[in-house]
Structures are given as structure tokens and as C-alpha cells.
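User: I would like to learn how to read the features of a structure like this one. Please take them one at a time, with the general idea before the case.

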Amino acid sequence: MQQDKQKEVDFFDKHATAQEYNVFTDAANKKILDTIEKLFTPMHDVSIIDLGCGSGIFTQLLQQRGYPCVGVDLSQQLLRIGHAQMPTVAFIQGDVEALPFLDHSLDRIVLSCLLHHLPNPERCARE
């Protein structure tokens with residue numbers, strides 16, 4: 001099955017009318033980030049990419065914890081929200097099935113609330 005990327009973009013652009021698009025509570029975000037830090041130990045001098053970052057909640061929180069991050073999402077509107085809230089974070093419009101990075105150029109990958117949007121999640125995993 002082929003994903004209708006434009007349909008996904010249109011769906012999330014509609015949600016980008018708020019100042020923030022955060023699907024979790026602050027407590028849940030903290031728990032997820034604490035788990036990421038445990039799983040990624042050690043995390044010194046690593047680059048992290050947040051795939052399907054939306055408005056960049058995790059991207060921003062990881063950056064605030066001292067980890068250089070890049071957020072990637074299909075929705076330019078959601079990325080604008082992220083950039084407006086934290087202009088020092090790099091937010092890039094891109095497709096998780098065809099990332100705009102060289103192979104083996106990233107140290108760690110984070111994604112949340114993404115796989116259920118993909119009809120063939122293995123494409124994202126291969127990428």
C-alpha cells in the first residue's frame with residue numbers, strides 16, 4: 001500500500017493552527033525523555049534526529065537537555081510552530097522514507113506517534 005503523503009501533510013497542517021501541537025502531557029513527555037536518555041546512554045557528543053517531529057516537542061526538550069537535535073516532519077506548518085518556539089533548533093521538512101541525510105551520518109534516531117501513520121513502516125526502518 002502506498003501512503004498518500006499530501007493527505008498526511010494536509011491533515012497535520014490543519015492541526016498547526018495552535019501555538020503548540022503536543023499529544024502527550026508534560027509528565028508523559030518527561031517520562032519518555034527519561035527513557036530515551038536511559039536507552040541512549042552514553043549520549044555525549046551525539047547527534048539526534050527526531051523523525052515525524054510534528055511541532056518539535058521532543059526535539060526541543062532534547063535540545064534543552066543539551067543534545068543537538070534535528071527535527072524532520074512532512075508538515076511545514078507544524079515545523080513553523082516548532083521553529084517559532086525554539087529558533088535555534090533545526091527543523092527540516094522531509095520524508096522519513098527518504099531522509100535528506102547521508103547514510104550513517106546520524107548517531108541516534110527518535111520517533112514517537114509516527115509508525116501508525118505509515119502503511120509500510122519497514123520503509124522507514126530501512127531508511
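Analyst: Begin with helix length: the expected span of a helix is 1.5 Å times one less than its number of residues. Helices (H or I, at least four residues) and strands (E, at least two) are DSSP runs, numbered from the N terminus. Helix H2 covers residues 26-39, and at 1.5 Å a residue its 14 residues should span 20 Å; its end C-alpha atoms are 20 Å apart, which agrees. This is a predicted model, in which local features need pLDDT of at least 70 and side-chain atom pairs count only at pLDDT 80 or more, while totals for chains, interfaces and linings use all residues. Residues are numbered from 1 along each chain as its sequence is written, and side-chain values use heavy atoms, with hydrogens and water left out.

User: Which residues of H2 are buried?

Analyst: Buried means under 20% relative accessible area, exposed over 50%, and partly exposed in between (1.4 Å probe, protein chains only). In H2 the buried residues are Asn29, Leu33 and Ile36. Seen down the axis of H2, they fall within an arc of 55 degrees, so they line one face of the helix. That arc is taken from the directions from the helix axis to the C-beta atoms. Exposed residues Ala27, Lys31, Lys38 and Leu39 sit on the face of H2 turned away from its buried side.

User: What do the buried residues of H2 pack against?

Analyst: Contact means heavy atoms within 4.5 Å. The buried residues of H2 pack against helix H3 (57-64) and strand E4 (108-111). H3 has buried residues of its own, namely Ile57, Phe58, Thr59, Gln60 and Leu62. Their partners are H2, strand E1 (48-51), E2, helix H4 (76-85), strand E3 (90-93) and E4. After H3 comes Gly66, with a positive phi near 100 degrees.

User: Where do the buried residues of H4 lie around its axis?

Analyst: Leu78, Leu79, Ile81 and Gly82 are buried in H4. They cover an arc of only 155 degrees around the axis, which puts them on the same side of H4.

User: How many helices and strands does the chain have, and what pattern does the chain follow?

Analyst: The chain has 5 helices and 4 strands. Along the sequence they follow the pattern α-α-β-α-β-α-β-β-α. Of the 127 residues in the chain, 39% are buried. Among contacts with a separation of 6 or more, 61% join residues 24 or more positions apart.

User: What does the reading give for Gln63 and Leu111?

Analyst: Gln63, in helix H3, is partly exposed, with a relative accessible area of 23%. Beyond four places in sequence, Gln63 touches Pro68, Cys69, Met86, Thr88 and Val89. Gln63 and Met86 are 23 residues apart in sequence, with their C-alpha atoms 9.4 Å apart. Leu111 lies in strand E4 and is partly exposed, at a relative accessible area of 33%. With neighbours within four places left aside, Leu111 is in contact with Asp50, Leu51 and Cys124.

User: Last, the rings: how many aromatic pairs are found, and what lies over the face of Phe40?

Analyst: A pair of aromatic rings is described by the distance of the centres and the angle of the planes. Rings of Phe, Tyr and Trp (its six-membered ring) pair if their centres lie within 6.5 Å; planes under 30 degrees apart count as stacked, over 60 as edge-to-face and the rest as tilted. The whole structure has 0 aromatic pairs. A charge sits over a ring if NZ of Lys or CZ of Arg is within 6 Å of the ring centre and within 35 degrees of the ring normal. Arg108 lies over the face of Phe40, 5.5 Å from the ring centre.
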